[in-house]
Amino acid sequence: WQEALAPGALILRRFVQQDDLVLYQEINRIAMQHPFIHRVTPGGFTMSAAMTGCGAAQWVSARDGYLNTRETIALNQTFLDLAKRAAATAGYADFIPDSCLINRYAVDSKMTLHQDKNERDLTQPIVSISLGLPAIFLFGGLMRSDKTAKVLLEHGDVVVWGGASRLCFHGILPIKAGIHPLTGPYRFNLTFRQAL
Ligand code: MD3
Ligand code: FE
């Protein structure tokens with residue numbers, strides 16, 4: 001059950017639904033070692049979504065670029081296998097992620113329009129996994145002012161962002177209140193990247 005969102009962007013609906021419990025447990029295991037933090041943007045704003053992660057490149061209250069001032073947790077095999085399987089399904093057979101960033105959204109948390117361009121090799125895609133409460137994703141163009149499309153991302157959905165979509169502006173509208181059977185009052189998003 002997959003569809004193209006834009007050139008280079010493929011949504012794999014419910015791709016990880018069967019794996020949701022193990023993913024959620026792994027998120028909690030990571031967060032026990034590295035609690036979720038609210039990052040401060042280059043402009044000085046504290047982000048409403050909290051972040052942790054595993055793998056080589058992690059943000060640690062960074063104002064610019066990836067920072068690595070804490071010992072990182074290895075990318076586990078479950079994460080690696082799912083991310084590689086999703087990328088291969090979308091045509092990226094040689095995706096080798098080295099990092100996973102995990103965002104946690106409570107009610108009203110959002111992510112304003114931005115580009116992901118800190119990764120070294122922008123020919124590598126980003127694989128994103130959504131768990132828990134649904135979100136409305138905003139997907140724009142190569143300029144911030146470009147018109148955006150809205151896409152509903154739900155529990156278990158995976159999106160592979162590569163090619164012409166890799167540098168598109170994107171964001172998340174404020175999360176609506178709700179209780180998800182697995183994650184309670186939160187939405188989680190995992191992004192797999194080859195950052196370094
Ligand atoms: C499109 N996260 O962590 S995931 C981020 O739901 C981020 O937490 C959002 O944007 C979230 O940087 C959106 C979907 C996503 C991730 C990376 C992209 C879409 C993308 C990179 C390029 C284009
Ligand atoms: Fe992003």
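Start by selecting residues 96–196, where UniProt, in an unreviewed entry, places the feature "domain: Fe2OG dioxygenase". Over residues 96–196 the chain is 0% helix and 42% strand, and the end C-alpha atoms are 11 Å apart. Helices (H or I, at least four residues) and strands (E, at least two) are DSSP runs, numbered from the N terminus.

Before you go on, note that this is a predicted model, in which local features need pLDDT of at least 70, side-chain atom pairs count only at pLDDT 80 or more, and totals for chains, interfaces and linings use all residues. Residues are numbered from 1 along each chain as its sequence is written, while chains are lettered from A and ligands numbered from 1 in the order in which they are written.

**The whole chain**

Now zoom out and colour by secondary structure. The protein chain has two helices and eleven strands, and from the N terminus on they run β-β-α-β-α-β-β-β-β-β-β-β-β. The radius of gyration of the protein chain is 15 Å, close to the 16 Å that the globule rule gives for 196 residues, so the chain is as compact as a globular protein of that length. That radius is taken over C-alpha atoms, and the rule is 2.2 Å times the number of residues to the power 0.38. Along the principal axes, the C-alpha atoms fill a box of roughly 40 × 40 × 35 Å.

Which contacts hold your eye across the sequence? Among contacts between residues at least 6 apart in sequence, 74% join residues at least 24 apart. Here two residues are in contact if their C-beta atoms, placed from the backbone, lie within 7 Å.

**Into the core**

Buried residues make up 37% of the 196 residues. A residue is buried if 20 or more other C-beta atoms lie within 10 Å of its own, exposed if 12 or fewer, and partly exposed in between, with C-beta atoms placed from the backbone.

Select Ala 86, Ala 87, Val 127, Val 158 and Val 160: of the 44 residues in the largest nonpolar core, these touch the most other members. Such a core is a set of buried Ala, Val, Leu, Ile, Met, Phe, Trp, Tyr and Cys residues joined through C-beta atoms within 7 Å. Elements that each supply at least two residues of this core include β2, α1, β4 and β6 (126–132). The largest share, five residues, comes from α2. In soluble globular proteins, nonpolar side chains tend to be buried together.

Click on Val 160 next. Leaving out residues up to four places away in sequence, Val 160 touches Leu 10, Ala 86, Ala 87, Ala 90, Tyr 92, Pro 125 and Val 127.

Is Ala 90 buried or exposed? Ala 90 is buried, with 23 other C-beta atoms within 10 Å.

For a contrast, pick Ala 88 in helix α2. Ala 88 is partly exposed, with 13 other C-beta atoms within 10 Å. From Ala 88 to Ile 27, C-alpha to C-alpha, is 23 Å, and the two are 61 residues apart in sequence.

**A stop at Phe 139**

Phe 139 is in strand β7 and is buried, with 20 other C-beta atoms within 10 Å. Beyond its neighbours within four places in sequence, Phe 139 is in contact with residues including Leu 5, Ala 6, Cys 168 and His 170. Phe 139 and Cys 168 are 29 residues apart in sequence and 7.2 Å apart in space, C-alpha to C-alpha.

**Around ligand 1**

Of the 15 residues around ligand 1, Asn 103, Asp 116, Ser 128, Trp 161 and Asn 189 come nearest; a residue is near a molecule if its C-beta atom, placed from the backbone, lies within 6 Å of it. β4, β6, β9, β10 (170–172) and β11 give two or more residues to this shell. By class, the shell has seven nonpolar, six polar and two charged residues. Ala, Val, Leu, Ile, Met, Phe, Trp, Tyr, Cys and Pro count as nonpolar, Asp, Glu, Lys and Arg as charged, and the others, Gly among them, as polar.

**Last stop: two loops**

Arg 14, in the loop between β2 (9–12) and α1 (20–33), has a positive phi of about 60° although it is not a glycine. Asp 108 has a positive phi of about 75° and is found in the loop between β4 (99–105) and β5 (111–114).

Technical notes: UniProt positions renumbered as here; feature names shortened; annotations may be inferred.
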